[in-house]
Amino acid sequence: MFPKQTYILVVDDMVAMRIRVINQLKSMGFVNIEQAGDGQEAFSILEKKKSENTPIDLIISDWNMPVMEGIDFLNKVRSSVAFAQLPFIMVTAEGEKQQVIKALKSGVSDYLIKPVSQEVLEKKLSGMWNRQKAS
Amino acid sequence: MLIKFKKENSCIIFQSDLLSSAKDPDGKELFNNIKSINTVEFKNQSWLVILLPETATLNSPALSSLCRIASYISEYGLSLSLIVQEGPLNVILKNNMKDILKPFLSVEEFYVNNKIDFNKEQKVNEFVATLKESAEMSFKVLLEVQSVECRVTVLRDPFNAPAIQVGAMAGILSTYFNGNIVMGFSNDVFRKAMGRFLQMEVTGEISNEIKDGAAELLNVVIGQTKIKLNEKSYNIKQVIPSVITGDNIEVFPMMKKKFIQISCFSELGEILILVSVNN
């Protein structure tokens, strides 16, 4: 599993959803959690945390958001030199095949369709960490 | 003679090269082939679609045969449509026979562009059943309840739905209907539900950020419904849910819309889903 000191960025325009994911992560022992309400705000946080030498290690993002949607945020992250390799999980109610394919083509690390239980989120994070370590 | 056809989206789709070849330019054998189909196959179908694989030129006798086919199948509640898969359809029109023919270039175009009543009642019922299943599954995961039982009732009196105190509302569009879904809670049930959803105790006044949770729950339920039904070409689209709060909010549809109540019971209490559709 990712170390407890991992810096995680949770992105969702719904405050309640951010609260849920943050509390789930806290239950798993994570202590460094940032949050944003849209992709543009999230990218600003990525840049700010990098400049403070506490860079974000993992992004968990929704798809449907105002200002900058999750897929556009993903594309921006993947096309930036500084953040291109960041693990990026999409957690969204959008589960149609073409959407999943679009996200995979854009380089999403994993894709979870809501509703997501804590157990599933934990398993996905564990799997992602193991893959990261193996590579 | 064994006649091959397939059924899809309330259509019987029948491939024939008879009209376009020398074999049966007048369409008489085509008519006999259609008549040989067991009429049990026509039950619950809306269209007989004849696929012609290449350019066809329909002369007057062929058009007469098509009229006879149209007349024959109309006794079983079906309409006739013709699709030419390659090349144009050359039709020598006479009188008002062009009203019978609706040439399309592909079956997909036919499904999308034609005004077809794919047994809309059935589609609404399937939508409600899927919405109910999605609610049961989503509540079990997000609200961590042991069991959820949802019951569907068609409200004869649209003003008879229970009042709610917190809720979320979303409009939906589909190929077969459009409508509105409201998910509603009493304050007490909402507080308990949010405690489970947010993974924290909800005490004191319920803030607007927490009321957001109603919209997210509805969003997830509709999302799950979309995934299952859009595979069946329902083409469901929704707007982002809005939150509604107040004392004893009454929800009722515009007149002449079907109004359905889905009551979901769990250890938290009752969660209402009110569906109003217009097809």
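Predicted model: local features only at pLDDT ≥ 70, side-chain atom pairs only at ≥ 80, totals over all residues.
Figure 1. Asn230(B) belongs to helix α6 of chain B, which covers residues 208-230. The side chain of Asn230(B) also reaches the other chain, making a polar contact of 3.0 Å with the side chain of Glu96(A). Which residues does Asn230(B) touch, not counting those up to four places away in sequence? They are Glu96(A), Asn235(B) and Ile236(B). Is Asn230(B) buried or exposed? With a relative accessible area of 16%, Asn230(B) counts as buried, because the cut-off for buried is under 20%.

**Figure 2. Where chain B meets chain A.** Now look at the interface as a whole. Here 20 residues of chain A are in contact with 22 residues of chain B. Together the two chains bury an area of about 1800 Å², and 63% of that area comes from carbon and sulfur atoms.

Figure 3. How many salt bridges are found across the interface of chain B and chain A? There are two. In a salt bridge between Glu216(B) and Lys114(A), the side chains meet with an N to O distance of 2.7 Å. Seven residue pairs across the interface are in polar contact. On the side of chain B that touches chain A, the helices α4 (120-142), α5 (187-198) and α6 each supply at least two residues. The largest share, 12 residues, comes from α6(B). Sorted by type, the residues on this side of chain B are 10 nonpolar, seven polar and five charged.

**Figure 4. Met65(A), a buried loop residue.** Where is Met65(A)? You can find Met65(A) in the loop between β3 (58-61) and α3 (70-78) of chain A. Met65(A) has a relative accessible area of 7%, so Met65(A) is buried, the cut-off being under 20%. Along the chain, Met65(A) and Asp13(A) are 52 residues apart, yet their C-alpha atoms are separated by 5.6 Å. Apart from neighbours within four places in sequence, the contacts of Met65(A) are Val11(A), Asp12(A), Asp13(A), Gly37(A), Asp38(A), Gly39(A) and Gly70(A).

Note on methods
Residues numbered from 1 in each chain as written. Chains lettered and ligands numbered in written order. Heavy atoms only, no water. Helix = DSSP H or I, 4+ residues; strand = E, 2+ residues; numbered from the N terminus. Buried < 20%, exposed > 50% of the residue type's maximum accessible area, 1.4 Å probe, protein only. Polar contact = N/O pair within 3.5 Å; in protein donor to acceptor, adjacent residues only side chain to side chain. Contact = heavy atoms within 4.5 Å. Buried area = accessible area lost by both parts, 1.4 Å probe. Salt bridge = Lys/Arg side-chain N within 4 Å of Asp/Glu carboxyl O. Nonpolar A, V, L, I, M, F, W, Y, C, P; charged D, E, K, R; others polar.
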